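Dear colleague,

Please find below the structure that I am handing over to you.

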Amino acid sequence: MSLLELRDLKIHFDTRRSTVEAVRGIDLSVERGEILGIVGESGAGKSTIGNAVIGLLEPPGRIAGGEVWFDGARIDTLPEAALRRIRGRRIGMIFQDPMTSLNPLFTIGDQIAETICRHTGQSRTDAMKKAIELLREVGIPDPEARVNEYPHQFSGGMRQRVVITLALCADPDLVICDEPTTALDVSVQAQILALLRRLCRDRNLGAIFITHDMGVISEVTDRVAVMYQGRVMETGPTADVLSRPQHAYSKSLLAAVPRGDLRLHRFPQLDYREAGETRAAKKVIDLDTHWLGRRMDERVQSDTPLIQVKDLTMRFVSHHSIIPAWRRSFTAVRDVSFDIRRGETFGLVGESGSGKSTVARMIAGLYDPSFGRVFYDGSEVAGPEAQPMTAVQRQQIQMIFQDPFSSLNRRKRVGDIIAEPIRHHRLATDRAEVQSIVGDLLDHVGLGAAAARHYPHEFSGGQRQRISIARALATRPQFLICDEPTSSLDVSIQAQILNLLKNLQADLGLTMLFISHDLPVIRQMCDRIGVMKAGELVELAPAEQLFEAPRHAYTAELLSLMPQVASAPAADRDVMP
Amino acid sequence: MPDTPAHSEPSRWQRIRQSDLALSFLASKVTVAAAFVAVVMIAASVGAALIAPHNPYDMAAIDIFDSMLPPVWEDGGERRFLLGTDSIGRDILSTILYGSRMSIFIGLTSVALSLVIGVTLGLIAGYRGGLLDSIIMRLAEVQLALPTILVALLINGILRAVAPPTMVNDVAVLVLILSIGLSNWVQFARAVRASTMVERGQEYVLAVRLIGIGPMAIMFRHILPNVMGPIMVIATLNLSGAILTEATLSFLGVGVPSTRPSLGTLINVGTDYLFSGAWWITIFPGAALALLVLTVNLVGDWLRDALNPTLG
């Protein structure tokens, strides 16, 4: 008898217009002491399963068929009151965002002790003792003092440890972890994963680990189920599935995962689509005749680096005051200097808060640096002697943003969004030419000219990111800043976008500044890489040298923490299904 | 699916009918009824010249012998005057129609005025921030401290003192619009400022800044459409408020003259006769005003809920 067994589970969401089948009949089981991974892209139905097991499906979601068996008893038919006795006590839950899963108004100790009292009926003093003991077990230093602190006094990683404590405090038999490390930095993620694995071993817990990250699956789970659009495509021991995927979808998913150990020319195009758009054949842009190539004469060929950054420092005021001595500020970026050569892709990597995006925004002219200078093509564009950017300079520096949902104006049609820079800079002579350029740009990013008539909300995250790229290209830029362009996208979409960027760079001779927290992605994209930590540039080296022989201790640490997919031989992966 | 070809796009009308807003509207029976009543009243008042049985502005057509006639179902009522007549023989139904036209006109224009002022100041304060923001918002707080009626009386007093006595009646409408419009802009400015401060940091704004587009174009062409949702709600709710303020001011005697009455003027005139038995002179305009304000408010309330994603 398995600890948890799902038999032909179906979950439907009834909307006003139709019924969405989120989970379409799946069979899964978890044994004691086993960690089952559920992996898949957004919309695959992973989280829905986790919520359904503990009866936390939000209406209009409902279990439309199948059975859920837990420790020999069927639980999907239990009334809410009986479920509540199981939830938290016998099945623990760890959610994605440690910022919102703790109540900010109660101390850590109160929250844990309340849960213990509620589930085990212990006295409050005993519960508090147990809370301290548990906090020590999950690696929180000085737990006696910290139980009296509030959630905001803990860092993200420490908060996630508290959430883990909450899930474990009633000694459950099963823990469901829904993307428990997605909101965390890579160094914190490694610690949390190790902790979860140790706890499951020590306590002989069953666990379901829901994630989109193949690296996480590879490090933590014993068995894995690959989900796609509400169905389980493949299930088996993690090592087998990762090294010898059987199903075409698993193969395409694995092929899209950026590798930290090897630089590929392009991501292999393994597409698995049951439905959806067809990819437009890639057109090669001939710069001599194409609109994007016109005005090439403005590009001076010289040996000076395209971008020179000298001692860039940025202070943000954190406390305003009329009296200078009372003002407080914090330094987001401190004395950063580097050059970006023509035609290269320069990478900036670092954890959240390391100042990568601030540097990018200073180069783009969105922020004024507190100190230091930025030179574009030899002329100072930011700094004490900077002239306001000319229209030509303005056109040549463009940026692609992280969040595909906020980077497009939701009230404007895609065609107007892309036409905006063309109209503003009068790059086309008449309305018809603007339209044909917009259509052409949309073709090049793989969306097709028909997309111009639609509004942004009609597109998925990956498609929106393509629209952003088309908009950035519409000024005929020479220098493109990509600020985490794929970090909110699924891996297969990420692979497509990264390939698109590489193709465009090759065709248009773009110079790029590529920012990411994701080392494997950086490795695939960049020629030279700068590593940032707490606002400072700690190491700058060519990509291969940085990955093979890091000089700075922090770089070496980041590299060692990079989750590795138990890798298949490269030859296996390039095989088409 | 209907048997349309797979590639045909839904027409604009189909898209509107299928939108969440339309479905939510049709699901709320009270809102549908309120909107129907409001639209009928507004249409009737706009078309007053066509519908009204008499022209109350035409002094020549008014006969003093028809004065103080009760509604048609009362003893002494006449078929010509369905809701009776007032002290100088004007048909109450016609005066209500013409009067609500005046009320709605003043309401709409004063709301439009406060919307323009409030949205402009709010956008600038929210987008620019810093000192300009502080100045505008302190100004708004000063404005909030003064009740609308007092501001209206002040502006009214100044304008009447400045304008030549022969023009006093002509400027009366302008006085009302200015005084109501100038005292209601704060709500708009605050709402727009708050949304603008959120939108300012959104990446689409950064993207248009990178293109090189100037701050005015960014504020009015790019940010404004994104903050219009709450503005429309405030405007609808303010419309009924403005109509009421107009009625109050007219009731207090500083509004439009009784020769070209608004609903408030009618109520004011009627109260003199309320205890002499001629209740219809004040009750019918009062009921019309209450119904108009109520229905517009109901539509505004629905709009606020429908456009607020945090309310289920």
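The notes below cover confidence, the two chains, their interface and a few individual residues.

This is a predicted model, in which local features need pLDDT of at least 70 and side-chain atom pairs count only at pLDDT 80 or more, while totals for chains, interfaces and linings use all residues. Residues are numbered from 1 along each chain as its sequence is written, chains are lettered from A and ligands numbered from 1 in the order in which they are written, and side-chain values use heavy atoms, with hydrogens and water left out.

**Confidence**

The model scores ipTM 0.76 and pTM 0.79. The mean pLDDT (the predictor's confidence in each residue, from 0 to 100) is 85 for chain A, where 92% of the residues score at least 70. For chain B the mean is 83, and 93% of its residues reach 70 or more. Some stretches stay under 50. In chain B this applies to residues 1-8, which have 0 contacts beyond four places in sequence; a contact means heavy atoms within 4.5 Å. In chain A it applies to residues 274-281, with 10 such contacts, and to residues 567-577, with 21. Where pLDDT is low, the predicted coordinates should not be read in detail.

**Chain B**

Chain B has 13 helices and 0 strands. Helices (H or I, at least four residues) and strands (E, at least two) are DSSP runs, numbered from the N terminus. The C-alpha trace of chain B spans about 75 × 65 × 30 Å along its principal axes. Of the 312 residues in chain B, 46% are buried; buried means under 20% relative accessible area, exposed over 50%, and partly exposed in between (1.4 Å probe, protein chains only). Among contacts in chain B between residues at least 6 apart in sequence, 71% join residues at least 24 apart.

**The interface**

The contact between the chains takes 22 residues from chain B and 28 residues from chain A. The area buried between them is about 2,300 Å², of which carbon and sulfur atoms give 48%; buried area is the accessible area (1.4 Å probe) that two parts lose on being put together, summed over both. Glu203(B), Leu210(B) and Ile211(B) supply 34% of the area that chain B buries against chain A, more than any other three residues. There are 2 salt bridges between the chains, where a salt bridge is a side-chain nitrogen of Lys or Arg within 4 Å of a carboxyl oxygen of Asp or Glu. The side chains of Glu199(B) and Arg410(A) meet in a salt bridge at 3.0 Å, N to O.

**Salt bridges within the chains**

Over all chains, the structure holds 36 salt bridges. In chain A, Glu67(A) and Arg7(A) pair at 3.5 Å, N to O. This pair links distant parts of the chain, with Glu67(A) in strand 4 (residues 61-70) and Arg7(A) in strand 1 (residues 4-14), 60 residues apart. Glu67(A) is partly exposed at 24% relative accessible area, and Arg7(A) is likewise partly exposed, at 31%. In chain B, Glu141(B) and Arg138(B) form a salt bridge of 2.9 Å, N to O. Both lie in helix 6 (residues 130-145), 3 residues apart, about one turn of the helix.

**Individual residues in chain A**

Gly530(A) lies in strand 19 (residues 528-533) and is buried, with a relative accessible area of 0%. The C-alpha atoms of Gly530(A) and Val349(A) are separated by 6.3 Å, although these residues are 181 apart along the chain. Beyond four places in sequence, Gly530(A) touches several residues, including Phe346(A), Leu348(A) and Leu540(A).

Arg476(A) sits in the loop between helix 15 (461-473) and strand 17 (479-483) and counts as buried at 7% relative accessibility. Ala534(A) is in the loop between strand 19 and strand 20 (536-542) and is exposed, at 58%.

Ile322(A) lies in the loop between strand 11 (307-319) and strand 12 (328-340) and is exposed, with a relative accessible area of 78%.

With kind regards
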